[in-house]
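Thanks for taking a look at this one with me. Please glance over the sequence and the structure first, and then read on.

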Amino acid sequence: MYLLIPAAGVGKRMGSNRNKLFLEVQSKPIIAWTLLAAEAASSISWIGIISQPSDWPDFKNIIADLSLAKPVEFIIGGSTRQESVYNGLQALPPEAEQVLIHDGARCLATPNLLNACAAAIRHCAGLIAAIPVKDTIKIVDETGIIQSTPDRQYLWAAQTPQGFNVQLLKQCHAEGIRQGWEVTDDAALFERCGIEVRIVPGEETNLKVTTPQDLAIAEFIISHRGG
């Protein structure tokens, strides 16, 4: 299975002016934990890191320290996640039929989750890891007034990995460019093109490290996993 890791962002909400994936959790950079999970996932055979070339020397140093056995390719990132994934798709080997896309900042995803998504995508066109929403959700207008309360049983919090048929995802990205769609994940492109996307049960601990509070939570979780 081919794995693309969007890793081109800057940690503004983290109070950092550089790539947040270089911040450390349990004495390792965030991206190191993501890469270690990919290395341990038996289904993953190829890893593509989508990032800005200015970050490549740091990524290469991290990879060298981890002594990864799996090949890692570097792909130039775009100005948005959507552009970065588009670039990643063009850089996949021609034989790639399915791809997993996993945010580098979700450093707590386990190899088991990666393997489960890799197995499931062989039997559908698109999928996302997700967990049921526990909180009651309110839809609010621009003035802060509640408009409705959707039924919680139909609400799921999207995570990554997300998995797709490569050719279909390329077509959806091309359509997104043609129509000027701006989306926050690739599943939304499938949805707009009328292609079914399935849910694979995610993990409660599979949070995206975005704020200093998330860093503290990630430290706690990894320490209780024994590293």
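Here are my notes, going from the whole chain to one residue.

1. A word on the source: this is a predicted model, where local features need pLDDT of at least 70, side-chain atom pairs count only at pLDDT 80 or more, and totals for chains, interfaces and linings use all residues. Residues are numbered from 1 along each chain as its sequence is written, and side-chain values use heavy atoms, leaving out hydrogens and water.

2. The protein chain has seven helices and eleven strands (DSSP runs: H or I of at least four residues for helices, E of at least two for strands, numbered from the N terminus). Its radius of gyration, over C-alpha atoms, is 17 Å, close to the 17 Å from the globule rule (2.2 Å times the number of residues to the power 0.38) for 227 residues, so the chain is as compact as a globular protein of that length.

3. Of the 227 residues in the protein chain, 48% are buried, meaning under 20% relative accessible area with a 1.4 Å probe, protein chains only. Among contacts (heavy atoms within 4.5 Å) between residues at least 6 apart in sequence, 72% join residues at least 24 apart.

4. Now for serine 51, which sits in strand 4, residues 46–51. Is serine 51 buried or exposed? Serine 51 counts as buried because its relative accessibility is 0%.

5. Leaving aside residues up to four places away in sequence, serine 51 touches several residues, including Ala7, Phe59, Ile76 and Trp56.

Conventions:
Buried means under 20% relative accessible area, exposed over 50%, partly exposed in between (1.4 Å probe, protein chains only).
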